[in-house]
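Please read it with the structure open.

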Amino acid sequence: DFKNLICNQFRTYFLPIDELIYEDDDYFVYTQKKLRILDLPEINEKIYTKILDIVKKMCVEKIITPDIISCNLGFPLNDQNNSELLLLDYHDLTPFNVFVKKQKWIKIFNCLLNFASYMIYKKSFEEQFNQSLFHI
């Protein structure tokens, strides 16, 4: 089931589900603990590596979401060292083969390039290079 997938297979990558309120073949409603959302300028090598680890884990498990954006990443409120970065919004999880067919992979690449730009330059890719990621 969905809660088992999130809470077991992705337990150190995704924010766990506290309570699954509703689930069917098309929808699910759940509650989670609050997080402190990732602030883009705080991205460093450690945080960027954790983001890559999250993407790698999804690829290994052959289920992925394109929503690897900063507002969907955060730290537990009790994590003062920013060592436990988690993906909190995984509503669009899709089997990897379907994801590739729909060509949504470009969104992940764009996010990873933008995160890398913040890690290196402390500003977005567009700010640094005066060019949109969607026109590369």
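## Cysteines

Cys-111 is buried, at a relative accessible area of 11%; buried means under 20% relative accessible area, exposed over 50%, and partly exposed in between, with a 1.4 Å probe and protein chains only. Cys-71, at 44% relative accessibility, is partly exposed. The model is predicted: local features need pLDDT of at least 70, side-chain atom pairs count only at pLDDT 80 or more, and totals for chains, interfaces and linings use all residues. Residues are numbered from 1 along each chain as its sequence is written, and side-chain values use heavy atoms, with hydrogens and water left out.

How many disulfides are there? The count is 0, where a disulfide is a pair of cysteine sulfur atoms within 2.5 Å. The closest cysteine sulfur to that of Cys-111 is in Cys-71, and because the distance is 9.3 Å, it is too far for a bond.

## Helix H2

Helices are DSSP runs of H or I with at least four residues, strands are runs of E with at least two, and both are numbered from the N terminus. Helix H2 covers residues 45–61, which is 17 residues. The expected span of a helix is 1.5 Å times one less than its number of residues. For H2 this gives 24 Å, in agreement with the 24 Å between its end C-alpha atoms.

Among the buried residues of H2 are Ile-47, Tyr-48, Ile-51 and Met-58, together with Lys-50 and Lys-57. The buried residues of H2 pack against helix H1 (2–9), strand E4 (63–64), E5, E6 and helix H4 (105–121), contact meaning heavy atoms within 4.5 Å.

## The sheet

E3, E5 and E6 form an open sheet of 3 strands in the order E3-E5-E6, with antiparallel pairing. E3 and E6 are the edge strands, each pairing on one side only. Two strands pair if DSSP finds at least two bridges between them.

Strand E3 (residues 35–37) is joined to strand E5 (residues 73–76) by 3 bridges, and Leu-35 has Pro-76 as its bridge partner in E5. Between E5 and E6 there are 2 bridges; Gly-74 stands opposite Leu-86 in E6.

## Asp-89

Asp-89 lies in the loop between strand E6 (86–87) and strand E7 (94–95). Not counting residues up to four places away in sequence, Asp-89 touches Tyr-30, Asp-67 and Asn-72.

Asp-89 is buried yet has no salt bridge, defined as a side-chain nitrogen of Lys or Arg within 4 Å of a carboxyl oxygen of Asp or Glu. The nearest side chain of opposite charge, Lys-107, is 8.7 Å away; Lys and Arg count as positive and Asp and Glu as negative, while His and the chain ends are not counted.
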